[in-house]
Amino acid sequence: MKAKILFLVVVVFLQFSANCQSKKINGVSFVSSRDSINQTHIQPVITVNSNHVALMPFGFIRDLASPTITFNSTRQWFGETENGLIQYAKAFQKQGIKIMVKPQIWVWRGEFTGLIEMKSEENWQILEKSYEDFIVAYAKSAAKINAEIFCIGTELEKFVLNRPQFWEQLIRTIRKVYKGKLTYAANWDEYKKLTFWNQLDFIGVDAYFPLSEKETPTVTDFEKGWKPHKIEIQQLQKKFQKPILFTEYGYRSVHFNGKQPWKVDDIEGNINFQAQVNGLQAIHNQFWKEDWFAGGFVWKWFHAHEKSGGKNNNRFTPQNKPAEQLLKKLHSN
(Lines give C-alpha, C1' and ligand atoms only; values in the text may rest on other atoms or scores of the structure.)
Protein backbone atom coordinates (compact mmCIF):
# COMPACT_ATOMS: atom_id res chain seq x y z
CA MET A 1 0.00 0.00 0.00
CA LYS A 2 2.81 2.41 0.95
CA ALA A 3 4.63 1.56 -2.27
CA LYS A 4 1.49 2.31 -4.28
CA ILE A 5 1.03 5.67 -2.55
CA LEU A 6 4.69 6.53 -3.11
CA PHE A 7 4.34 5.60 -6.79
CA LEU A 8 1.30 7.88 -7.17
CA VAL A 9 3.12 10.76 -5.45
CA VAL A 10 6.05 10.37 -7.83
CA VAL A 11 3.72 10.29 -10.86
CA VAL A 12 1.89 13.44 -9.71
CA PHE A 13 5.22 15.19 -9.09
CA LEU A 14 6.52 14.27 -12.53
CA GLN A 15 3.30 15.45 -14.17
CA PHE A 16 3.51 18.72 -12.21
CA SER A 17 7.13 19.21 -13.29
CA ALA A 18 6.24 18.51 -16.91
CA ASN A 19 3.37 20.98 -16.76
CA CYS A 20 5.66 23.63 -15.30
CA GLN A 21 8.06 23.10 -18.17
CA SER A 22 5.37 23.17 -20.84
CA LYS A 23 3.97 26.43 -19.48
CA LYS A 24 7.17 28.36 -20.07
CA ILE A 25 6.77 31.35 -22.35
CA ASN A 26 8.70 30.52 -25.53
CA GLY A 27 8.14 33.77 -27.33
CA VAL A 28 9.45 35.79 -30.24
CA SER A 29 9.47 39.57 -30.60
CA PHE A 30 7.47 39.99 -33.80
CA VAL A 31 8.56 43.10 -35.69
CA SER A 32 5.86 45.42 -37.04
CA SER A 33 5.68 45.76 -40.82
CA ARG A 34 3.99 47.97 -43.40
CA ASP A 35 1.32 45.40 -44.17
CA SER A 36 -1.20 43.06 -42.59
CA ILE A 37 -0.11 39.49 -41.91
CA ASN A 38 -1.53 36.08 -42.81
CA GLN A 39 -0.76 32.41 -42.34
CA THR A 40 2.38 32.68 -44.49
CA HIS A 41 3.89 35.04 -41.91
CA ILE A 42 2.64 33.08 -38.91
CA GLN A 43 3.67 29.57 -39.93
CA PRO A 44 7.44 30.07 -39.33
CA VAL A 45 6.64 31.15 -35.75
CA ILE A 46 4.62 27.96 -35.29
CA THR A 47 7.42 25.91 -36.86
CA VAL A 48 9.90 27.01 -34.17
CA ASN A 49 7.36 25.93 -31.52
CA SER A 50 6.79 29.42 -30.14
CA ASN A 51 3.71 29.75 -27.96
CA HIS A 52 3.78 33.55 -27.50
CA VAL A 53 4.57 36.62 -29.56
CA ALA A 54 5.35 40.14 -28.39
CA LEU A 55 3.55 42.67 -30.59
CA MET A 56 5.08 46.13 -30.52
CA PRO A 57 3.11 49.23 -31.53
CA PHE A 58 5.27 52.37 -31.52
CA GLY A 59 5.13 55.94 -30.36
CA PHE A 60 7.65 58.54 -31.50
CA ILE A 61 9.33 61.55 -29.87
CA ARG A 62 11.58 64.12 -31.50
CA ASP A 63 14.52 63.99 -29.07
CA LEU A 64 15.50 62.92 -25.57
CA ALA A 65 14.17 66.14 -24.02
CA SER A 66 10.95 66.32 -26.04
CA PRO A 67 7.77 65.74 -23.99
CA THR A 68 5.26 64.87 -26.73
CA ILE A 69 4.67 61.35 -28.04
CA THR A 70 3.08 60.85 -31.45
CA PHE A 71 1.31 57.52 -31.94
CA ASN A 72 -1.35 55.69 -33.92
CA SER A 73 -0.94 58.06 -36.84
CA THR A 74 -1.58 57.51 -40.54
CA ARG A 75 2.13 58.13 -41.20
CA GLN A 76 3.15 55.00 -39.30
CA TRP A 77 3.52 51.48 -40.62
CA PHE A 78 0.34 49.44 -40.26
CA GLY A 79 1.85 47.06 -37.71
CA GLU A 80 2.86 49.95 -35.45
CA THR A 81 -0.74 51.19 -35.06
CA GLU A 82 -3.77 50.05 -33.09
CA ASN A 83 -5.43 48.54 -36.16
CA GLY A 84 -2.24 46.68 -36.98
CA LEU A 85 -1.89 45.39 -33.43
CA ILE A 86 -5.45 44.04 -33.46
CA GLN A 87 -5.07 42.42 -36.89
CA TYR A 88 -1.76 40.78 -35.95
CA ALA A 89 -3.11 39.56 -32.61
CA LYS A 90 -6.26 38.01 -34.04
CA ALA A 91 -4.25 36.23 -36.74
CA PHE A 92 -1.90 34.72 -34.16
CA GLN A 93 -4.69 33.87 -31.73
CA LYS A 94 -6.46 31.81 -34.40
CA GLN A 95 -3.39 29.58 -34.31
CA GLY A 96 -3.38 29.30 -30.52
CA ILE A 97 -0.46 31.66 -29.99
CA LYS A 98 -0.68 33.98 -26.99
CA ILE A 99 0.04 37.69 -26.99
CA MET A 100 2.14 40.17 -25.06
CA VAL A 101 1.39 43.75 -26.08
CA LYS A 102 4.60 45.76 -25.70
CA PRO A 103 4.21 49.39 -26.79
CA GLN A 104 7.58 51.06 -27.33
CA ILE A 105 9.00 54.53 -27.84
CA TRP A 106 11.29 55.41 -30.73
CA VAL A 107 13.47 58.49 -30.33
CA TRP A 108 14.44 60.28 -33.54
CA ARG A 109 17.75 58.92 -34.92
CA GLY A 110 17.46 55.88 -32.68
CA GLU A 111 18.81 57.40 -29.46
CA PHE A 112 18.53 55.25 -26.34
CA THR A 113 15.15 55.58 -24.62
CA GLY A 114 16.70 55.11 -21.18
CA LEU A 115 18.13 58.63 -21.52
CA ILE A 116 14.78 60.38 -22.03
CA GLU A 117 14.80 63.18 -19.45
CA MET A 118 12.99 66.49 -19.30
CA LYS A 119 14.64 69.81 -18.46
CA SER A 120 11.73 71.40 -16.61
CA GLU A 121 8.85 70.42 -14.35
CA GLU A 122 6.44 71.71 -16.98
CA ASN A 123 7.84 69.35 -19.59
CA TRP A 124 7.85 66.41 -17.17
CA GLN A 125 4.12 66.93 -16.67
CA ILE A 126 3.52 67.16 -20.42
CA LEU A 127 5.48 63.94 -20.93
CA GLU A 128 3.52 62.17 -18.19
CA LYS A 129 0.20 63.13 -19.78
CA SER A 130 1.41 62.16 -23.25
CA TYR A 131 2.83 58.84 -22.10
CA GLU A 132 -0.33 58.01 -20.15
CA ASP A 133 -2.44 58.69 -23.24
CA PHE A 134 -0.14 56.44 -25.28
CA ILE A 135 0.11 53.53 -22.87
CA VAL A 136 -3.53 53.52 -21.69
CA ALA A 137 -4.74 53.54 -25.30
CA TYR A 138 -2.79 50.34 -25.93
CA ALA A 139 -3.82 48.86 -22.57
CA LYS A 140 -7.41 49.22 -23.80
CA SER A 141 -6.40 47.56 -27.08
CA ALA A 142 -4.80 44.73 -25.12
CA ALA A 143 -8.06 44.31 -23.22
CA LYS A 144 -10.04 44.19 -26.49
CA ILE A 145 -7.94 41.33 -27.84
CA ASN A 146 -7.66 39.53 -24.47
CA ALA A 147 -3.87 39.68 -24.55
CA GLU A 148 -2.31 37.59 -21.82
CA ILE A 149 0.41 40.13 -20.92
CA PHE A 150 0.75 43.90 -21.20
CA CYS A 151 4.11 45.63 -20.89
CA ILE A 152 3.79 49.13 -19.43
CA GLY A 153 7.13 50.44 -20.74
CA THR A 154 10.48 49.46 -22.22
CA GLU A 155 13.90 50.69 -21.09
CA LEU A 156 12.84 54.11 -19.74
CA GLU A 157 15.27 54.33 -16.81
CA LYS A 158 15.57 58.11 -16.32
CA PHE A 159 11.83 58.60 -16.79
CA VAL A 160 11.06 55.87 -14.25
CA LEU A 161 13.65 56.91 -11.65
CA ASN A 162 12.82 60.63 -11.87
CA ARG A 163 9.04 60.20 -11.65
CA PRO A 164 8.26 57.19 -9.43
CA GLN A 165 4.90 58.51 -8.23
CA PHE A 166 3.69 58.89 -11.80
CA TRP A 167 4.55 55.28 -12.60
CA GLU A 168 2.83 53.94 -9.49
CA GLN A 169 -0.32 55.89 -10.40
CA LEU A 170 -0.02 54.78 -14.04
CA ILE A 171 -0.06 51.13 -12.98
CA ARG A 172 -3.25 51.71 -10.99
CA THR A 173 -4.82 53.45 -14.01
CA ILE A 174 -3.87 50.58 -16.34
CA ARG A 175 -5.35 48.04 -13.92
CA LYS A 176 -8.73 49.74 -14.33
CA VAL A 177 -8.87 49.08 -18.08
CA TYR A 178 -6.80 45.89 -18.47
CA LYS A 179 -7.22 42.78 -16.32
CA GLY A 180 -4.39 40.57 -17.61
CA LYS A 181 -0.80 40.24 -16.39
CA LEU A 182 1.45 43.29 -16.25
CA THR A 183 5.20 43.70 -16.62
CA TYR A 184 7.79 46.35 -17.44
CA ALA A 185 10.80 45.68 -19.70
CA ALA A 186 13.78 46.92 -17.70
CA ASN A 187 17.18 47.09 -19.30
CA TRP A 188 19.76 44.64 -17.92
CA ASP A 189 21.46 47.41 -15.91
CA GLU A 190 18.18 49.00 -14.79
CA TYR A 191 16.05 46.24 -13.30
CA LYS A 192 17.58 46.32 -9.79
CA LYS A 193 16.83 50.05 -9.39
CA LEU A 194 13.06 49.90 -9.79
CA THR A 195 10.71 49.98 -6.83
CA PHE A 196 7.34 49.14 -8.37
CA TRP A 197 7.88 45.40 -9.07
CA ASN A 198 5.50 44.54 -6.24
CA GLN A 199 2.67 46.17 -8.26
CA LEU A 200 3.30 44.04 -11.37
CA ASP A 201 2.90 40.34 -12.16
CA PHE A 202 6.32 39.70 -13.73
CA ILE A 203 9.74 41.23 -13.20
CA GLY A 204 10.61 41.98 -16.82
CA VAL A 205 14.26 42.07 -17.90
CA ASP A 206 15.78 42.81 -21.29
CA ALA A 207 18.56 40.31 -20.74
CA TYR A 208 21.54 41.73 -22.64
CA PHE A 209 24.03 41.06 -19.84
CA PRO A 210 27.78 41.14 -20.64
CA LEU A 211 28.95 37.52 -20.40
CA SER A 212 32.23 36.92 -22.24
CA GLU A 213 34.99 38.80 -24.06
CA LYS A 214 35.90 35.90 -26.34
CA GLU A 215 35.45 36.00 -30.10
CA THR A 216 33.44 32.77 -30.06
CA PRO A 217 32.36 32.02 -26.49
CA THR A 218 31.52 28.37 -25.85
CA VAL A 219 28.32 27.36 -24.05
CA THR A 220 30.47 26.91 -20.94
CA ASP A 221 31.92 30.41 -21.34
CA PHE A 222 28.45 31.91 -21.59
CA GLU A 223 27.20 29.95 -18.58
CA LYS A 224 30.19 31.02 -16.51
CA GLY A 225 29.39 34.63 -17.43
CA TRP A 226 25.79 34.16 -16.30
CA LYS A 227 26.67 33.07 -12.74
CA PRO A 228 26.97 36.48 -11.00
CA HIS A 229 24.01 37.92 -12.89
CA LYS A 230 21.82 34.93 -12.13
CA ILE A 231 22.54 35.29 -8.41
CA GLU A 232 21.41 38.93 -8.49
CA ILE A 233 18.31 38.10 -10.53
CA GLN A 234 17.36 35.40 -8.01
CA GLN A 235 17.88 37.80 -5.12
CA LEU A 236 15.45 40.29 -6.63
CA GLN A 237 12.98 37.53 -7.41
CA LYS A 238 13.04 36.38 -3.79
CA LYS A 239 12.63 39.97 -2.54
CA PHE A 240 9.47 40.64 -4.56
CA GLN A 241 8.21 37.06 -4.96
CA LYS A 242 7.42 37.64 -8.64
CA PRO A 243 8.45 35.40 -11.55
CA ILE A 244 11.21 36.64 -13.84
CA LEU A 245 10.31 37.21 -17.49
CA PHE A 246 12.95 37.97 -20.10
CA THR A 247 10.94 40.54 -22.04
CA GLU A 248 13.80 40.48 -24.57
CA TYR A 249 16.79 38.19 -24.96
CA GLY A 250 19.06 37.17 -27.78
CA TYR A 251 22.49 37.35 -29.36
CA ARG A 252 23.82 38.56 -32.66
CA SER A 253 25.46 36.12 -35.04
CA VAL A 254 28.72 38.05 -34.88
CA HIS A 255 32.18 37.81 -33.29
CA PHE A 256 32.37 38.88 -29.60
CA ASN A 257 28.58 38.74 -29.23
CA GLY A 258 28.80 38.12 -25.47
CA LYS A 259 30.91 41.20 -24.73
CA GLN A 260 28.25 43.89 -25.21
CA PRO A 261 25.15 41.98 -26.35
CA TRP A 262 23.03 45.11 -26.45
CA LYS A 263 25.02 46.73 -29.26
CA VAL A 264 23.11 47.29 -32.48
CA ASP A 265 25.86 49.10 -34.41
CA ASP A 266 26.39 48.15 -38.03
CA ILE A 267 29.32 45.74 -38.23
CA GLU A 268 30.47 44.55 -41.63
CA GLY A 269 31.24 40.86 -41.94
CA ASN A 270 32.39 38.93 -38.86
CA ILE A 271 29.45 36.53 -39.19
CA ASN A 272 29.54 33.96 -36.41
CA PHE A 273 26.60 31.56 -36.27
CA GLN A 274 28.21 29.35 -33.63
CA ALA A 275 28.49 32.23 -31.15
CA GLN A 276 24.77 32.92 -31.55
CA VAL A 277 23.87 29.26 -31.08
CA ASN A 278 26.09 28.97 -28.00
CA GLY A 279 24.56 32.04 -26.39
CA LEU A 280 21.00 30.82 -26.88
CA GLN A 281 21.84 27.33 -25.62
CA ALA A 282 23.48 28.73 -22.50
CA ILE A 283 20.63 31.05 -21.53
CA HIS A 284 18.17 28.17 -21.85
CA ASN A 285 20.45 25.91 -19.80
CA GLN A 286 20.64 28.48 -17.03
CA PHE A 287 17.03 29.64 -16.79
CA TRP A 288 14.37 27.53 -18.49
CA LYS A 289 14.39 24.78 -15.84
CA GLU A 290 13.99 27.22 -12.93
CA ASP A 291 10.51 27.25 -11.41
CA TRP A 292 10.77 31.00 -10.67
CA PHE A 293 11.46 31.78 -14.32
CA ALA A 294 8.47 32.43 -16.61
CA GLY A 295 10.25 32.32 -19.99
CA GLY A 296 11.16 34.93 -22.55
CA PHE A 297 10.88 36.58 -25.96
CA VAL A 298 13.67 36.22 -28.51
CA TRP A 299 14.82 39.44 -30.15
CA LYS A 300 13.80 39.56 -32.95
CA TRP A 301 11.57 37.99 -35.63
CA PHE A 302 10.56 39.55 -38.97
CA HIS A 303 7.27 38.89 -40.74
CA ALA A 304 8.83 38.13 -44.18
CA HIS A 305 10.59 34.98 -43.07
CA GLU A 306 12.04 33.95 -46.41
CA LYS A 307 13.79 37.34 -46.75
CA SER A 308 15.05 37.56 -43.17
CA GLY A 309 18.36 36.59 -41.61
CA GLY A 310 20.33 34.08 -43.65
CA LYS A 311 23.96 33.32 -44.35
CA ASN A 312 25.11 36.94 -44.73
CA ASN A 313 23.28 38.33 -41.70
CA ASN A 314 25.07 39.10 -38.44
CA ARG A 315 22.12 40.74 -36.67
CA PHE A 316 19.94 39.46 -33.82
CA THR A 317 17.35 37.52 -35.77
CA PRO A 318 17.75 33.71 -35.64
CA GLN A 319 15.80 33.34 -38.91
CA ASN A 320 17.32 31.13 -41.60
CA LYS A 321 20.36 30.48 -39.42
CA PRO A 322 21.44 27.50 -37.28
CA ALA A 323 19.94 29.37 -34.31
CA GLU A 324 16.46 28.90 -35.78
CA GLN A 325 16.79 25.13 -35.67
CA LEU A 326 18.14 25.34 -32.13
CA LEU A 327 15.13 27.39 -31.02
CA LYS A 328 12.80 24.85 -32.57
CA LYS A 329 14.47 22.15 -30.45
CA LEU A 330 14.62 24.22 -27.26
CA HIS A 331 10.99 25.33 -27.51
CA SER A 332 9.85 21.72 -27.89
CA ASN A 333 11.37 20.60 -24.56
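Predicted model: local features only at pLDDT ≥ 70, side-chain atom pairs only at ≥ 80, totals over all residues.
## Nonpolar cores

The largest nonpolar core holds 88 residues. Tyr131, Phe150, Trp167, Tyr184 and Phe246 have the most contacts inside it. Helix 4, spanning residues 121–144, gives the most to this core: nine residues.

Look closely at phenylalanine 246. Leaving aside residues up to four places away in sequence, Phe246 touches Val205, Ala207, Trp226, Ile233, Ile283, Phe287, Phe293, Gly295, Gly296 and Phe297.

Three strands form an open sheet in the order 4-3-6. Their pairing is mixed. Strand 4 (70–71) and strand 6 (104–107) stand at the edges. Each has a single partner strand, so one side of each lacks a neighbour in the sheet.

Strand 3 covers residues 58–61 and pairs with strand 4 in the antiparallel sense, over two bridges. Phenylalanine 60 has threonine 70, in strand 4, as its bridge partner.

## Backbone exceptions

Most residues other than glycine have a negative phi, and most peptide bonds are trans. Here are some exceptions. The peptide bond between tryptophan 299 and lysine 300 is cis, with omega about -5 degrees. Lysine 300 sits in strand 11 (residues 293–301).

Asparagine 49 has a positive phi, near 65 degrees. Its place is the loop between helix 2 (39–47) and strand 2 (52–55). Asparagine 49 is partly exposed, at 30% relative accessible area. Asparagine 320 also has a positive phi, about 55 degrees. Asparagine 320 lies in the loop between strand 11 and helix 9 (322–332). Its relative accessible area is 37%, so asparagine 320 is partly exposed.

Technical notes:
Residues numbered from 1 in each chain as written. Heavy atoms only, no water. Core = buried A, V, L, I, M, F, W, Y, C linked by side-chain atoms within 4.5 Å. Buried < 20%, exposed > 50% of the residue type's maximum accessible area, 1.4 Å probe, protein only. Helix = DSSP H or I, 4+ residues; strand = E, 2+ residues; numbered from the N terminus. Contact = heavy atoms within 4.5 Å. Pairing = 2+ DSSP bridges.
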